[in-house]
Amino acid sequence: MSVLVNSNSRVLVQGITGSEGTFHTSQMLDYGTNVVAGVTPGKAGLMYEGKGDDSFNRPVLVFNTVSDAVKATRANVSIIFVPASMAADAILEAIAADMPLIICITEGIPARDMIAVKSALDNSNSRLIGPNCPGIITPGECKIGIMPGFIHAVGHVGVVSRSGTLTYEAVKQLTDIGLGQSTCIGIGGDPIVGTQFIDAIKLFNADPDTKAIVMIGEIGGSAEEEAAAYVKEYVTKPVVGFIAGRTAPPGRRMGHAGAIISGGKGTAAEKVAAMREAGIFVADSPANIGLTVAKALRLTSETPTKKVIAAKKDTALQTEVSETISEIPATTDGSAPKRGRGRPKGSFKVKPATDETAPKRERGRPKGSVKKKKAVKTGHKRPPGRPKGSVKKKKVKKNNKKQLMSVAEQVTTVASNIDMTSASNA
Amino acid sequence: MNIHEYQAKELLKAEGVPVLYGRPIMSPDEAGRIAYHEFVMKGISTVVLKCQIHAGGRGKGFVVDAESREKVMRYGKPVRGVTVIGDGNIADKAFNYALSTFGNVLVTVQTGEQGKTVNRMFIEQGCDIAKEYYLSILLDRQTGKNLIMVSTEGGMDIEAVAEHSPEKILKQYIDPTIGFRQYQARSLAFGLSLQGKAFKSFCSFIEKIVAAYDKLDCSLLEVNPLVLTKQDEFIALDAKINFDDNSLFRHPNYAQLRDLAEEDPLEVEASKYDLNYIKLDGNVGCMVNGAGLAMATMDIIQLAGGSPANFLDVGGGANVDRIANAFRIMMSDRNVKAVLINIFGGIVRCDRVANGILQALKQVEVNAPVIVRLEGTNAAEAQEILRNSGLKFLVAGSLEDAAAKVTEALAG
């Protein structure tokens with residue numbers, strides 16, 4: 001289970017023949033993402049196979065317009081690799097074609113252009129992720145973005161972040177201690193983004209397969225504070241937060257009047273305080289994000305009210321967490337084990353639609369130890385991917401509550417085995 | 001990107017926004033000459049001399065001697081960042097004030113104690129002020145719209161107004177599909193209790209400045225104070241503009257407005273190589289890929305007992321030249337006692353980064369301990385390369401390990 005994207009996502013790449021578009025399309029195809037079409041104005045009809053080191057494992061048909069591509073291929077997600085000067089136009093074209101989900105990777109789009117895009121979005125049925133973001137990944141199902149696929153693992157932690165490489169760091173920490181991810185969403189660091197923390201948290205909160213939520217923020221703006229207020233009011237799942245930039249000097253990026261409308265918000269201290277106040281588990285160190293999630297799962301299973309903890313350095317604990325998790329027996333739900341590159345052993349099934357309100361399918365993925373990816377010696381840009389079509393699709397089973405419980409119990413069991421002696425209340 | 005007040009006023013004037021007559025000056029001689037020929041001879045009896053630095057609070061700031069750091073005196077009083085000259089020999093006084101200011105340092109609440117060297121000034125005609133107001137236009141992240149704010153509390157510290165009496169700040173959002181409308185201008189004018197000629201002047205002023213904000217691709221335009229003259233006309237007495245850096249490609253003419261003297265020399269050097277570098281006051285240099293991870297790395301340096309000497313994002317593609325240049329810039333900061341390299345290799349392979357670091361170190365002399373943490377694709381190979389290099393690296397595995405090694409390096 002996941003939010004927004006899964007193996008049924010039919011992906012269109014805008015700017016597919018550019019160098020970025022080509023490289024990342026080859027990477028996405030290797031991951032097993034169902035790329036159904038590309039758009040490059042003037043190149044309609046081309047069966048594009050990549051170029052140079054970035055040749056595709058299968059050709060992708062190119063169209064002149066998003067609208068043509070949608071008609072021909074029923075694409076339901078678009079990813080944009082168009083240069084900054086033309087990227088806003090590309091987003092508007094996708095909105096006009098009624099694309100349900102648009103992911104814009106492009107960095108450096110002028111704010112004036114994004115103001116127009118935001119206005120168009122508000123009057124549409126489309127959702128935008130980004131711009132200036134790494135994209136979105138549902139491990140084992142599809143990667144629609146530029147993140148390294150192999151650090152992710154199938155699991156139950158939803159991750160939402162404004163950052164790129166810092167998200168990879170957090171995801172790797174999770175994977176290393178055996179906590180896989182349901183979906184990871186990079187919302188982007190620009191002043192105007194299509195999807196905010198609060199939107200992503202709503203999605204994760206509604207997703208029965210997401211058992212814990214990680215939000216990784218940065219200084220500036222007030223999106224983290226708004227998300228914290230929402231968490232306090234509505235979210236029942238444990239939420240772990242981290243704010244980067246506690247040591248950043250004030251005033252380097254924010255204008256003089258910038259602090260006024262946000263009512264003095266925007267500093268790391270204020271964000272951390274708002275998160276703690278909302279019962280969010282705040283990781284004090286970026287090295288402890290994964291560990292804090294593990295502890296949060298334990299704490300919430302123990303007491304109904306969430307407590308705020310400050311994760312402390314504890315390597316022994318980390319080892320123990322890892323070992324404990326690997327001991328958890330796999331549940332069986334009848335699905336054949338499928339393993340992606342570097343992902344933990346375990347089966348995963350496929351959500352039938354991207355619709356958030358779609359019936360939730362049953363779960364029961366066994367928790368497995370994380371198998372580290374072997375280094376790829378040749379062709380670094382193209383790690384071996386899952387062959388196309390290897391994802392086994394499952395029909396939705398209606399009575400899934402029991403199965404879901406078993407997952408929850410697993411998480412609880414994992415968490416309750418964690419040594420809590422080092423956890424201190426902040 | 002920041003520009004000076006006189007540059008902002010030139011741009012606004014070209015868009016029809018009322019500003020006072022003024023001229024930039026680059027030396028004390030020029031101050032005397034221009035004051036005489038362009039002001040006194042034109043019948044202007046009051047002039048205002050203003051320091052041009054990229055920081056606010058100038059009127060309340062003091063000029064201090066660049067060497068002795070003592071307040072500079074002229075005509076028996078300490079020289080401030082803004083001086084009104086309304087009597088005596090105006091050209092002579094302008095020259096003398098400029099002589100006391102050029103090359104010295106202006107210290108204001110916004111510059112911090114070190115202050116900023118004054119290399120440019122601005123001479124402007126005086127005006128009869130009836131009342132001071134505040135105006136700014138900026139991008140509101142929350143709504144994704146531009147926001148206009150005005151207040152009767154002009155010339156004040158607006159943050160304090162926002163905190164203590166937020167009801168005194170009037171706001172109007174600009175809807176991008178319908179634009180700024182007259183009723184919004186009227187609403188603000190009524191809110192400021194304006195009447196008659198002043199009401200009309202305000203409405204005209206605000207329409208022009210909103211249009212200028214949009215056309216110039218600003219991310220912030222602040223007029224504080226916005227003044228109402230005794231003739232009931234609104235004039236931008238000060239002007240601060242920040243451009244949206246993402247839009248600079250649309251305005252090639254902005255490049256000439258950049259004043260490199262206002263920027264840190266190392267930051268200027270870094271920008272030549274497209275490196276995102278910000279100099280800080282700490283003792284641990286750091287080199288990271290990605291802004292979020294860079295900030296997190298700075299945080300972990302502090303948790304390890306050090307303090308970050310810089311913010312440095314080398315971006316995704318960490319090639320040898322980039323790393324070498326980044327190293328050179330980072331090491332030219334003499335406060336650096338240790339270096340932490342933290343690269344998360346996602347798309348970029350860590351073994352390539354490791355080789356880049358080795359080659360870079362052949363080009364740059366490094367006297368401080370270097371802690372390297374490469375994580376992600378081919379991280380194990382990268383660690384082997386570094387360990388077998390014969391160079392003295394402290395190779396760290398996790399972020400936590402890196403922090404511990406920073407602590408060790410600082411202790412040793």
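Here is a short chat about a few local features of this predicted model.

User: Let's start with chain A. How many residues does helix α1 have, and how far does it reach?

Analyst: Helix α1 of chain A runs over residues 19–31, so 13 residues by the DSSP assignment. From first C-alpha to last it reaches 19 Å, close to the 18 Å expected at 1.5 Å a residue.

User: Is α1(A) mostly covered or mostly open?

Analyst: Mostly covered, with 11 of its 13 residues buried. Among them are F23(A), H24(A), M28(A), L29(A) and Y31(A).

User: And what follows α1(A)?

Analyst: G32(A), which has a positive phi, near 105°.

User: OK, jumping to chain B. What span should helix α6 have, and what does the model give?

Analyst: α6 of chain B covers residues 196–215, and its 20 residues should span 28 Å at 1.5 Å each. The end C-alpha atoms are 29 Å apart, which agrees.

User: Which residues of α6(B) are buried?

Analyst: The list includes F199(B), F202(B), F205(B), I206(B), I209(B), V210(B) and Y213(B). After the helix comes D217(B), with a positive phi near 55°.

User: Rings next. How many aromatic pairs are there over all chains?

Analyst: There are 10. One of them joins F190(B) and F199(B), with 4.8 Å centre to centre and 55° between the planes, a tilted arrangement.

User: Why does F190(B) count as exposed?

Analyst: Because its relative accessibility is 55%, and exposed means over 50%.

User: Which residues do ring pairs link into a cluster?

Analyst: Y133(B), F202(B) and F234(B). F202(B) is also among the buried residues of α6(B).

User: Where does the charged end of K71(B) sit?

Analyst: Over the ring of F62(B), 3.9 Å from the ring centre. K93(B) likewise lies over the face of Y75(B), at 5.5 Å from that ring's centre.

User: What's the lining like by class?

Analyst: Four nonpolar, six polar and four charged residues line the second largest cavity.

Key: Residues numbered from 1 in each chain as written. Chains lettered and ligands numbered in written order. Predicted model: local features only at pLDDT ≥ 70, side-chain atom pairs only at ≥ 80, totals over all residues. Heavy atoms only, no water. Helix = DSSP H or I, 4+ residues; strand = E, 2+ residues; numbered from the N terminus. Expected span 1.5 Å × (residues − 1). Buried < 20%, exposed > 50% of the residue type's maximum accessible area, 1.4 Å probe, protein only. Nonpolar A, V, L, I, M, F, W, Y, C, P; charged D, E, K, R; others polar. Phe/Tyr/Trp six-rings, centres within 6.5 Å; stacked < 30°, edge-to-face > 60°. Lys NZ or Arg CZ within 6 Å of the ring centre and 35° of its normal.
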